[in-house]
Amino acid sequence: MSTKTGRNDPCPCGSGRKYKHCCGGAAAVAQVEEKGHAGAVERALGWLSSRHRVAIEVALEAMLFEGLSEDEQADLKTLDDDTWEQIGTNANEWLLAEGVILAKGESIRVPELLIGPGGPLFTVGQRKWLTQLSQSPLRLYDVTDVVPDRQMTLCDALDPEAAAIVVNERLGTQRLQPGTLLGVRLMEVDDHRELSGSIYAFSLLAAPHVVSAMRQTLQKRTRRGKHSATPSSIMWRHWLKQFVGIAPFPTIVDALTGESLLLITDHYHVKDWSALEKTLTARNDVDGDRESGWNRTVKGKDSQLRPIANINPERNDRVSIFYKTQGYADRGRPWFDDLAGNAVQFISRELTDPKGAFANLPDEPAPRVRRRPPDLPPEVMAEIIETAIRQTYANWCDEPISVLGDKTPRQAIRTPAGLERVKGLLRGYEASEKEQAREQGRPAISYEFLWKAIGIAR
């Protein structure tokens, strides 16, 4: 049984001062009361360190290093101070929210130690905060909008139908951009929501893998009732791996066939442009012209038209045909050769494996081209990239997208939750493009054409 703390006893918060001069003093209590939950985390960690220091160290060490190789553990210890500060913030909050330690020979949840009988003295506001912290699970969210120094809008990354949530946040919004995947705890404070303090931000390469792992964990827990891995442990491990390992490149597949992406370009010499243009214009499954290029499309099982070949006029009497998969290319070349006949002559085929291409790049947190070729003026580079972007997103409005629950953007915008997610995607594209344009020293490409194509206002 616990005994009442005497006024001259050491304060249970671990400050080292007498209780009457610390938490037992009326002035101290009144000062903390005015600040609501301020000081709750510090007071809880201080008390735990004074009463269960060894057990806390064991729990945090296991949280940090479990599942990491010796090399990864060594890499972790060499990280910069800012990164370690965030790791410490996340680890300490995990400890207070759901940590388990060995106390007096028994495993006990840290929240029960703190809030239960015999725990440290908290103000009403601090106790409410810690109680809510233990009841607020870590969840994955897509950042869909950011108002710097003020707020951000989050959408549940695992539930496409969930309503968007506006969160009051000052520090985080100074660096976050739309399109970022975050793991956070949301707290109810007065009439608004705030972040609890910990933030798990995932890179473009890591995001698909943590989402997939979280889905699998939740499905197993639903089917079997319990599962050894918790959502927070999955999130923690994937987040930490970003600092000590190379995230695997996500497998990208064609929405129509399910084939893995393989970028293939066939190059031809054009002997008779007039005959080629006439032949392409006569085809019902081909649209476009010589100025902008042609697209060959097919209708999928979902009745959506998708391009399977991009026919691009080049300089010096050349034309190239771009395919996204090996299957498209294998079927596409006989089709084009038979269609064009003597109007063209085949030159060569060029293949690029996206995984292999990015694997050979210098270590970077995301697959971006950091430098532009020195012989290309910025305006020319921008023109090339804009053409590629417009071709890539030519059918974007009507293509199913995984983060929209495999709905097309046009289908998703029919609900408020879907509309915010679509806006978030567009804002994310724009934020990423601005950053890459800055790094490459070229003008940024506008995505205004996609806003207009889907028919929504910013």
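Visitor: Is Tyr 268 buried or exposed?

Guide: Tyr 268 counts as buried, because its relative accessibility is 0%. Buried means under 20% relative accessible area, exposed over 50%, and partly exposed in between, with a 1.4 Å probe and protein chains only. This is a predicted model, in which local features need pLDDT of at least 70 and side-chain atom pairs count only at pLDDT 80 or more, while totals for chains, interfaces and linings use all residues. Residues are numbered from 1 along each chain as its sequence is written, and side-chain values use heavy atoms, leaving out hydrogens and water.

Visitor: How many aromatic pairs are there?

Guide: A pair of rings is described by the distance of the centres and the angle of the planes. Rings of Phe, Tyr and Trp (its six-membered ring) pair if their centres lie within 6.5 Å; planes under 30 degrees apart are stacked, over 60 edge-to-face, the rest tilted. By this rule there are 12 aromatic pairs. Take Tyr 268 and Phe 346: the ring centres are 5.4 Å apart and the planes stand at 75°, so this pair is edge-to-face.

Visitor: Which parts of the chain does that pair link?

Guide: Distant ones. Tyr 268 sits in strand E10 (residues 263-270) and Phe 346 in strand E15 (residues 344-352), 78 residues apart. Strands (E, at least two residues) and helices (H or I, at least four) are DSSP runs, numbered from the N terminus. Phe 346 has a relative accessible area of 29%, so this residue is partly exposed.

Visitor: What kind of pair do Trp 335 and Phe 336 make?

Guide: A tilted one, because the planes are at 45°, with the ring centres 6.4 Å apart. Trp 335 counts as buried at 14% relative accessibility. Phe 336 counts as buried too, at 0%. Rings also gather: Tyr 393, Trp 396, Tyr 429, Tyr 447 and Phe 449 form one aromatic cluster.

Visitor: Which residue lies over the face of Trp 335?

Guide: Arg 296, at 4.1 Å from the ring centre. The rule for a charge over a ring: NZ of Lys or CZ of Arg within 6 Å of the centre and within 35 degrees of the ring normal.

Visitor: Which way do the residues of strand E6 point?

Guide: In a regular strand the side chains alternate between the two faces of the sheet. In E6 (residues 181-184), Leu 181 and Gly 183 point one way, Leu 182 and Val 184 the other way, and all are buried.

Visitor: How many bridges join E3 to E6?

Guide: Four, and the strands run antiparallel. Strands pair if DSSP finds at least two bridges between them. E3 covers residues 139-147, and its Arg 139 stands opposite Val 184 in E6. E6 also pairs with strand E9 (residues 200-202), antiparallel over three bridges. There, Leu 181 stands opposite Phe 202.

Visitor: What do E7 and E8 form?

Guide: A hairpin, with two residues between the strands. Asp 190 in the turn has a positive phi of about 55°. E7 (residues 186-189) and E8 (residues 192-195) are antiparallel over four bridges. Met 187 stands opposite Glu 194 in E8.

Visitor: Where does Ile 445 lie?

Guide: In the loop between helix H14 (416-440) and helix H15 (448-454). Ile 445 counts as buried, because its relative accessibility is 9%. Now compare sequence and space. Ile 445 and Ile 385 are 60 residues apart in sequence and 7.8 Å apart in space, C-alpha to C-alpha.
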